Amino acid sequence: MEYRVINILQTRELKAKFTKSEESILDFIEDNFEKIPEYSVLKLCEEAYASQATVNRVCKKLGFKGFSELKYSIEQDLEKMKNSKNSSINNTFFYIENINFQDLKPIVEILKKNRKILIYGLGASEITALYFQRQLLYLGFQAIVVTEEKMIEQFDDFILFIISSSGETLRVKHVAKSFKDRGKVVISITKFSSSLHELSDCAFTHNISIDKLDAISREQQLHMIIMINELINKFQIG
């Protein structure tokens, strides 16, 4: 999102040269950015210990006709920042509302009885798998991230934890079925009613649609990280 004023203040990438007194005004505006729309030029001069002529020079060097135009642009920046923040908050709430937290209890019980965990994830899910591994290691688990089926075959006394947002990746389904056919426990974090969900002994699920044709949508992991955090928190609480 393009901001007209705040980016300039933060980067100070300007062609015009500023005196020390003008730089101090820029610092004051940046430090009090959200309050500036309420200021008159006289109040700004008083609180920034500057003359009106100096303030006018700063406005013109920033590309504005005067202080009123600068204030208006700051108001626009603040509105864009607010909208962007609200959008991020709404997206996070959407993820939380579509996670099936009631799935957690049986998984926590399984983790209490099994301290050896294999974690399998492909693509972006491998990053989430590594994050999950770090959390489990802190809790004293023997946690190993694996990315190849041949590697999984070497561990007989481990349970397998598969992380897949869609639950429909062919390799993921094959690994789950192969491990389960050997009489081993498969747990997953995945989409509700996905193939992986059906193959798992126990699953922590979400109801978030995955657009397989959209690379960005397909690779997003925020909901998966939220689910990992909640699982770890529940385990610690007991």
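Guide: The buried residues of H5 pack against helix H1 (6-11), helix H2 (20-31), helix H3 (41-48), helix H4 (52-61) and helix H12 (222-237). Here helices are DSSP runs of H or I with at least four residues, strands are runs of E with at least two, and both are numbered from the N terminus; contact means heavy atoms within 4.5 Å. This is a predicted model, in which local features need pLDDT of at least 70 and side-chain atom pairs count only at pLDDT 80 or more, while totals for chains, interfaces and linings use all residues. Residues are numbered from 1 along each chain as its sequence is written, and side-chain values use heavy atoms, with hydrogens and water left out.

The buried residues of H5 are Phe 67, Leu 70, Ser 73, Ile 74, Asp 77, Leu 78 and Tyr 95. Buried means under 20% relative accessible area, exposed over 50%, and partly exposed in between, with a 1.4 Å probe and protein chains only. Helix H5 covers residues 67-97, and its 31 residues should span 45 Å at 1.5 Å a residue, which agrees with the 45 Å between its end C-alpha atoms. The expected span is 1.5 Å times one less than the number of residues.

Tyr 49 is exposed, because its relative accessible area is 78%. Its phi is positive, about 55°, although Tyr 49 is not a glycine. Most residues other than glycine have a negative phi. Ser 193 also has a positive phi, near 65°; this residue sits in the loop between strand S4 (186-191) and helix H10 (195-199) and is partly exposed at 44% relative accessibility. The C-alpha atom of Tyr 49 is separated by 62 Å from that of Ile 162, 113 residues apart along the chain.

Ser 166 is buried, with a relative accessible area of 16%, and a polar atom of its side chain lies 3.2 Å from the backbone nitrogen of Glu 168.

H9 also gives the most to the lining of the largest cavity, with 3 residues. On a 1 Å grid over the protein atoms alone, a cavity is a set of points where a 1.4 Å probe fits but cannot get out, and lining residues have an atom within 4 Å of a point. The whole structure has 1 cavity of 30 Å³ or more. The lining consists of Glu 149, Ile 152, Glu 153, Val 175, Ser 178, Phe 179 and Arg 182.

Thr 128 lies in helix H7 (residues 124-138) and counts as buried, because its relative accessibility is 1%. Leaving out residues up to four places away in sequence, Thr 128 touches Ile 163, Gln 221, Met 224, Ile 225 and Ile 228. The side chains of Thr 128 and Gln 221 are joined by a polar contact of 2.4 Å, that is, a pair of N or O atoms within 3.5 Å, where within protein one must be able to donate a hydrogen and the other to accept it, and residues adjacent in sequence count only if both atoms are side-chain atoms.

Methods
1 Å grid on protein atoms, 1.4 Å probe; cavity = no way out; pocket = protein on both sides within 12 Å on 5 of 7 lines; lining within 4 Å. Points joined across faces, edges and corners; volume = space filled by probe spheres on them.
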